Each structure stands twice: as C-alpha cells, then as structure tokens.
Amino acid sequence: MSKPVVLIAEELSPATVDALGPDFDVRSVDGTDRPALLEALAESDAILVRSATKVDAEAIAAAKQLKVIARAGVGLDNVDIKAATAAGVMVVNAPTSNIISAAELTVGHILSLARHIPAAHNALAQGQWKRSAYTGVELYEKTLGIIGLGRIGALITARLQAFGVNVIAYDPYVTSARAQQLGVTLVSLDELLAQSDFITIHMPKTPETTGMIGTEQLAMMKPTAFIVNVARGGLIDEDALYTALTSGTIAGAGLDVFVSEPPKDSPLLALPNVVVTPHLGASTDEAQEKAGVSVAKSVRLALSGELVPDAVNVAGGVIAEDVRPGIPLVEKLGQVFSGLATSPLTSVDVIVRGEIAASDVSVLKLAALKGVFTNVVSETVSYVNAPLLAEQRGVTVRLIAETESEEYRNVIQLVGALSDGSQISVSGTLTGQKQIQKIVEINGYDVEVPIAAHLIVMLYTDRPGIVAVYGKRFGDAAINIAGMQIARTEAGGKALSVLTVDSPVPSEILDEVREAIDADSLHEIDIVES
C-alpha cells in the first residue's frame with residue numbers, strides 16, 4: 001500500500017518532520033506558488049502550513065483526497081474553515097504553542113514602558129546621553145490589571161508577582177476560587193481601570209469585545225498608567241488611544257497587534273510614549289517548534305482515524321453517524337448557554353436524551369464545553385483544551401445520557417449552576433429531513449426557535465403592548481427581526497421573548513429596549529460558526 005501523502009507548504013522545523021515519522025510520504029511545495037500548490041494538493045492527504053499559504057475554497061476543492069489541514073500556529077485567518085468543514089476536511093492548529101512566548105512578550109512590553117528602554121536605546125545609539133530624560137518607575141508594589149485571566153493571564157501573573165506586583169483581574173467567567181488560587185483579586189472592569197498602574201488585555205476578539213477599551217474606559221485610567229495589548233488588534237479603539245496618549249489621559253501603551261496589519265500610516269507609530277512590535281507574540285524558536293511538533297502529532301492522529309485533540313471544526317475518532325450532526329448543534333447551545341450567564345459558571349450538566357444516547361456521546365460533552373468557552377477566553381478553544389479550561393476555572397462537568405425522550409426524538413440540554421446561586425439551562429434538537437438546529441427550551445420556558453447568528457433573549461413581566469414597544473425600537477434602529485417566539489408560564493407572569501435578528505444590535509439600543517420594557521434580563525448572543 002502507498003503511504004498517505006503529507007504536504008509541507010512552508011518551512012517548518014526538522015522536529016516537525018521527525019514527529020511525523022516514517023509512515024508518510026512527506027513532500028514539499030512553496031505554498032505561495034499558487035499553481036504548484038494546487039497541483040501538489042491533488043495527491044495530498046494532509047497539508048501543513050504556517051501563515052503565508054492560503055488554504056481557501058479553491059485549494060480545498062483541488063484536494064479531492066485531503067483529510068486534514070494543519071496550521072503550525074494559533075491563528076487560522078489563512079484557512080477557510082467553513083469550506084473545509086463542508087468538504088469533510090479536519091482543521092487543526094496548535095493553540096497552546098505560543099502561550100509562554102505571548103506571556104513573556106507582554107512582560108517585555110511592561111518593562112519597556114516602565115523603564116523607557118526602546119527610547120533610551122534609540123537616543124544613545126544616536127550619540128545622546130540623556131539619563132534624566134528617561135527616568136522610569138519600578139514595578140515593585142505597583143498594581144497590574146489583567147483583562148482576561150486565562151492561561152496567558154495566569155502565566156503573566158506568576159511572572160510579575162516575582163517583581164512584587166499586586167495583580168487584580170477582570171474576567172466574568174473566572175470563579176473567585178480560581179483567582180484566589182492564583183493570588184489574584186477579581187474586580188469589575190471599572191475598578192480595574194481606576195486602580196491599575198499597568199493594564200494588559202487577553203480577551204478573544206468578538207463583536208462584544210471589539211473596541212471594549214475606548215474613550216470612556218481610557219478616561220477612567222490613572223494619568224500615570226500604561227496599557228498593553230498583545231492579544232488581538234481592535235480590542236482597544238486606536239483613535240481613542242491616540243487621543244488619550246497625546247492628551248496625557250494615560251502615560252503610554254505597548255502594542256503588538258493592530259486593527260490593520262501592517263499598520264501603515266498609523267499615527268500611533270510616531271508617538272514617543274508608545275512601544276510597538278510587529279505581531280511577535282508567537283515569534284520565538286520554541287513556539288515555532290512546539291507548533292510544528294503539535295500539528296504533526298495531530299496529523300498522525302487524524303490520518304489514523306483517532307480523536308484529534310486540537311481539531312477546531314470537527315472531532316476525530318469513531319463517532320456514530322447519528323451522533324455527528326449533534327456536534328455543531330451542541331457547540332452553538334454552549335455559546336447560547338454562556339451568553340445567558342450573569343456570573344461565573346461553577347458546574348454544567350450535559351444531558352443527552354433520546355435514541356442517540358444509546359451510542360457513545362462523550363464527544364457532545366466536549367462540543368458543549370467548546371461552545372461554552374468559545375466567546376469567553378482569548379485562546380482558540382478545541383476539544384482537548386475545553387475540559388482544561390473548565391478545570392482551570394473550577395467548573396465541574398457531567399455527561400448524562402438517557403434513552404427516553406418525551407417530546408423529541410433526540411434532545412440535548414445544558415444545565416448549569418452559577419456562582420451567585422442561580423441556575424441556567426438551554427435545550428436544543430435537530431428537526432426535519434434538513435436537520436434544522438433549534439432551541440427548544442431556555443431556563444424552563446418552552447420555545448422552538450431556529451438557531452441564528454444573532455439572538456436576543458428577553459425576560460420581562462407579561463403585559464399588553466410590550467412587543468410593539470421593542471418592535472418599534474428595533475425598527476427605528478433598522479434592526480430587522482427575522483423570527484420571534486414568546487413563552488410564558490401564566491398570564492401576567494414572566495414572559496420570555498427570543499428574537500432572531502439579521503445584524504448585531506448596538507449596546508445603546510439594547511439599553512433603550514431594556515429600560516423601555518423594564519426587562520428583568522436582556523441578552524444579545526452572537527453565534528460564532530466553527
């Protein structure tokens with residue numbers, strides 16, 4: 001039998017090839033040479049890339065026997081995940097390969113800002129001995145505020161605590177027990193902004209977090225404070241940051257990522273109180289080698305039909321045909337579930353009822369956790385790191401399978417307890433020949449709503465005229481309501497409205513609606529497709 005063909009499209013470490021082993025026909029191609037890439041893909045079972053090779057729909061269509069696309073790194077901007085999924089091609093990356101490198105770069109930015117290292121170097125290199133011009137500050141006994149206390153945040157905490165730094169953090173999905181374990185005090189975002197001498201951001205980039213640090217937030221900071229972003233471009237409003245830096249609102253900033261990369265003509269690059277690097281978070285020899293070895297191991301697993309730890313679109317291994325369609329459904333239910341949470345999650349039960357419960361449904365627990373954490377951590381969430389993320393946050397997880405289902409052939413429910421003592425739940429199923437993904441229950445209210453990209457969930461006191469009120473507010477804001485269902489337990493009691501809308505809703509419109517209907521709760525949930 002001929003060996004499976006593994007195509008290496010960019011320069012990777014020798015350790016990557018060693019990790020593949022002797023079981024594959026390893027070939028090389030210049031991934032930026034488009035005709036050569038398409039020709040080589042025609043015979044390939046797997047392809048390993050970094051960031052320069054574009055594995056788009058055209059490339060995937062040319063690779064009739066392709067089974068796995070492996071990105072030796074974290075980002076997947078150069079891979080068309082949707083096209084790969086539609087073609088049944090697994091996509092894997094190396095989500096933990098750069099966490100130490102990113103943490104160390106963050107510390108480097110903080111030290112550079114505190115002691116003016118880049119500016120002092122440039123001055124001395126030009127023959128200027130300006131000691132008094134570059135008087136800095138010590139880190140000792142200063143307060144560091146971490147926005148997003150995931151794995152990178154935890155690594156930064158350990159490193160800077162050695163400097164005698166007091167660490168506070170804002171992360172609505174981290175429990176106080178986990179923070180206490182790290183020696184970190186959890187605070188609100190406003191408190192963090194007001195108290196911190198240095199702030200570093202480690203959040204995922206979502207519609208909710210884009211521009212999360214803007215004019216209002218920067219104004220809350222100390223005029224002596226510094227802010228660092230090595231996570232994702234766009235978390236800080238760059239125009240607002242420029243104004244804050246030039247007006248003396250804050251003392252300085254360290255940036256490794258930008259809205260547009262490279263940041264051509266950005267006025268931030270010319271400011272003396274800004275330290276910039278060209279997206280170097282993963283640019284170490286160690287991170288690159290870890291990434292290559294990690295994806296090589298994933299390729300071996302994928303081509304042998306086993307469960308792949310770092311699959312970002314589908315799970316590997318032997319999964320029953322009737323269970324497989326439930327994977328994307330449960331991932332989306334997990335996103336809805338976390339979108340409904342108002343305080344840190346402490347436990348979650350994944351309850352599978354119906355015919356599929358007779359099969360191995362353990363992958364659905366992984367899918368649920370992947371969905372729960374997709375929009376709440378800065379790391380890329382996979383089937384292997386989702387349980388680790390739960391463990392790090394002190395979240396207990398159970399899988400319950402029952403073959404009896406009263407209303408639906410199969411139904412999957414997520415039930416969770418929150419740190420404030422409340423409980424949330426969401427259930428979903430697949431209906432009809434087209435297997436339409438639907439939400440059929442939220443917090444005990446029976447609904448039947450197709451899952452859409454943008455959902456609004458409102459709870460309020462049932463009374464006449466409410467639909468007209470929020471319908472008009474959304475209409476005036478040019479927000480089109482695509483679908484709607486209202487559920488209630490009794491007339492005059494509480495009513496739950498679930499809307500699907502065609503576009504994200506600005507926060508000010510949501511605030512207006514919340515106030516206009518006197519809502520007990522109002523959540524906008526944006527679903528990210530895997």
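In which strand is Leu-399 found?

1. Leu-399 lies in strand β14, which covers residues 396-402; strands (E, at least two residues) and helices (H or I, at least four) are DSSP runs numbered from the N terminus. This is a predicted model, in which local features need pLDDT of at least 70 and side-chain atom pairs count only at pLDDT 80 or more, while totals for chains, interfaces and linings use all residues. Residues are numbered from 1 along each chain as its sequence is written, and side-chain values use heavy atoms, with hydrogens and water left out.

2. Leu-399 counts as partly exposed because its relative accessibility is 31%, a class that falls between buried (under 20% relative accessible area) and exposed (over 50%), with a 1.4 Å probe and protein chains only. Leaving aside residues up to four places away in sequence, Leu-399 touches Val-350, Val-352, Val-361, Ser-362 and Lys-365, where contact means heavy atoms within 4.5 Å. Glu-286 is 113 residues from Leu-399 in sequence, and the two are 37 Å apart in space, C-alpha to C-alpha.

3. A search of the whole structure finds 3 aromatic pairs. Phe-198 and Phe-226 form a stacked one, with 5.3 Å from centre to centre and 15° between the planes. Phe-198 belongs to strand β9 (residues 198-201) and Phe-226 to strand β10 (residues 226-229), so the pair ties together parts that are 28 residues apart in sequence. Rings of Phe, Tyr and Trp (its six-membered ring) pair if their centres lie within 6.5 Å, and planes under 30 degrees apart count as stacked, over 60 as edge-to-face and the rest as tilted.

4. Phe-198 is buried, with a relative accessible area of 4%, and Phe-226 also counts as buried, at 9% relative accessibility. Elsewhere, Tyr-460, Tyr-470 and Phe-474 form one aromatic cluster.

5. For the chain as a whole, there are 17 helices and 22 strands. The radius of gyration is 25 Å, close to the 24 Å that the globule rule gives for 530 residues, so the chain is as compact as a globular protein of that length; this radius is taken over C-alpha atoms, and the rule is 2.2 Å times the number of residues to the power 0.38. Along its principal axes, the C-alpha trace spans about 80 × 70 × 45 Å.

6. Of the 530 residues, 51% count as buried. Among contacts between residues at least 6 apart in sequence, 64% join residues at least 24 apart.
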